[in-house]
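Biologist: Let us go through the wording used for this model. I want each term set against its cut-off.

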Amino acid sequence: MRSVSIIGVGRTKFGEHWGLSLRELVTEAALKSIEAAKIDGKEIQAVYGGCMASGHFTGQEHIGALIADQLGLNPLPSTRLEAACASGGVALRNAYLSISSGEHDVVAVGGVEKMTEVDVGQAGFALGGAGDQETELFHGATFPALYALMARKHMEEYGTTEEQMAAVSVKNHHNGMLNPYSQFHREITIEDVMKSGYVASPLKLLDCSPLTDGAAAVILCETGKAKKLSDNVVEIIASAQASDTLALTGRKSITELMATKVAAKKAFEQAKLKPSDIDLVEAHDCFSIAEIMAIEDLGFFKKGDGGKATEEGKTALDGEIPINPSGGLKMGHPVGATGVKQIVELFWQLRGEAGQRQVKGAEIGLAHNVGGSGATAVVHILRKA
Ligand code: COA
């Protein structure tokens with residue numbers, strides 16, 4: 001297996017982009033990544049695109065071909081990958097495998113979603129397809145409802161409180177204030193979260209990630225070649241993926257994501273590292289409870305301690321282990337783009353280019369991307385080369 005590195009990244013601002021189409025969003029991010037990598041687009045040998053539900057949201061499918069076409073990269077192979085909200089992470093992993101296997105040397109990865117052209121009910125239906133259509137969505141279980149079940153059980157089993165979940169959102173809104181690409185730029189308090197209306201009890205509006213338009217892109221390169229092109233390379237030292245049952249009913253426990261635990265274990269083994277070696281994490285916080293479960297399942301805190309650790313500031317920018325310095329999914333979650341955006345953030349952090357939200361001394365970062373309610377999980381570990 002050959003070593004793979006990142007040589008350039010780009011992203012759009014996340015938010016409601018009434019003036020930009022799906023293709024304009026992904027093109028903007030891709031061109032920025034090519035420019036940042038300082039390569040000629042002709043050096044790219046393949047394209048991998050993450051996108052979850054563009055047909056539902058915009059009517060446009062065939063996103064692989066669309067990206068190559070927009071970038072003038074025909075006739076290169078260009079493939080769309082769909083794994084719900086983990087589409088971006090899975091696209092990155094497949095691009096990584098295409099280089100590590102020796103098939104390609106330089107590959108572009110994009111992630112995109114444009115979610116605000118439909119109303120919230122239609123969006124909920126499109127997102128609900130990431131769960132089990134027959135046993136969950138058909139009966140009205142939306143994604144906030146599925147995560148609400150996990151939250152309720154976590155509260156029951158471990159004493160996690162609504163205030164502890166609110167602390168996740170308060171932290172991520174704070175970090176998002178320092179990120180010019182965020183959907184929201186507003187500090188919130190625990191009281192604000194507690195007063196925001198219930199979406200699916202115990203989850204309230206401010207416990208949820210929003211509906212978002214946006215795109216992100218990265219350029220991957222075989223590490224030997226990458227070092228010749230740039231003296232500031234970020235290496236992907238682990239890439240792992242795991243699956244679990246589509247429906248929550250099939251699981252032994254709903255207070256943990258087994259796929260996250262398995263992918264994390266494999267990634268740590270591959271990188272020959274342990275959680276305490278990681279300097280920062282971009283974790284999948286589609287709902288506040290999801291971040292609490294993630295920091296436990298990834299091994300940063302004991303099961304049941306995630307809420308307390310967040311409340312105590314251990315996951316803040318200057319805490320023991322900064323979680324979501326970008327502001328996370330709470331600051332915008334264009335589902336197909338999120339997994340790629342996490343990598344963009346880690347790249348900037350590991351190169352010391354993250355501005356006001358820079359984690360001091362960041363050398364090793366972990367990205368954790370989840371599809372649906374945990375049926376797919378992808379973990380990547382990156383190190384400044
Ligand atoms: N966080 C913070 N503010 C939010 C927000 C969020 N998640 N969602 C909406 N807002 C704000 C809006 O900016 C707006 O503010 P304004 O009045 O100052 O303009 C206000 O709240 C109302 O927004 P609106 O668009 O009417 O909200 P909505 O009721 O249509 O949608 C949710 C709110 C929570 C239902 C929707 O964002 C949602 O479905 N989120 C979950 C997405 C999801 O499931 N993703 C997949 C995860 S696996």
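Modeller: Two ground rules come before your questions. This is a predicted model, where local features need pLDDT of at least 70, side-chain atom pairs count only at pLDDT 80 or more, and totals for chains, interfaces and linings use all residues. Residues are numbered from 1 along each chain as its sequence is written, and side-chain values use heavy atoms, with hydrogens and water left out.

Biologist: Why is Glu162 called buried?

Modeller: Buried means under 20% relative accessible area, exposed over 50%, and partly exposed in between (1.4 Å probe, protein chains only). Glu162 has 15%, so Glu162 is buried.

Biologist: What makes the link between Glu162 and Tyr198 a polar contact?

Modeller: A polar contact is a pair of N or O atoms within 3.5 Å; within protein, one must be able to donate a hydrogen and the other to accept it, and residues adjacent in sequence count only if both atoms are side-chain atoms. The side chains of Glu162 and Tyr198 are joined at 2.9 Å, so the pair qualifies.

Biologist: Which residues does Glu162 contact, leaving aside its neighbours within four places in sequence?

Modeller: Met155, Met194, Tyr198, Pro202 and Lys204. Contact means heavy atoms within 4.5 Å.

Biologist: How do you know that Lys114 and Glu117 form a salt bridge?

Modeller: The term asks for a side-chain nitrogen of Lys or Arg within 4 Å of a carboxyl oxygen of Asp or Glu. For Lys114 and Glu117, the closest N and O atoms are 3.8 Å apart, so the pair passes. Lys114 is buried at 2%, while Glu117 is partly exposed at 46%.

Biologist: What about Asp213 and Lys114?

Modeller: Their closest N and O atoms are 3.1 Å apart, so this is a salt bridge too. Asp213 lies in strand 7 (residues 213-222) and Lys114 in strand 4 (residues 106-114), so the pair ties together parts 99 residues apart in sequence. Strands are DSSP runs (E, at least two residues), numbered from the N terminus. Lys114, Glu117 and Asp213 are linked in a network of salt bridges.

Biologist: How many salt bridges does the structure hold?

Modeller: It holds 23.

How values were computed
Helix = DSSP H or I, 4+ residues; strand = E, 2+ residues; numbered from the N terminus.
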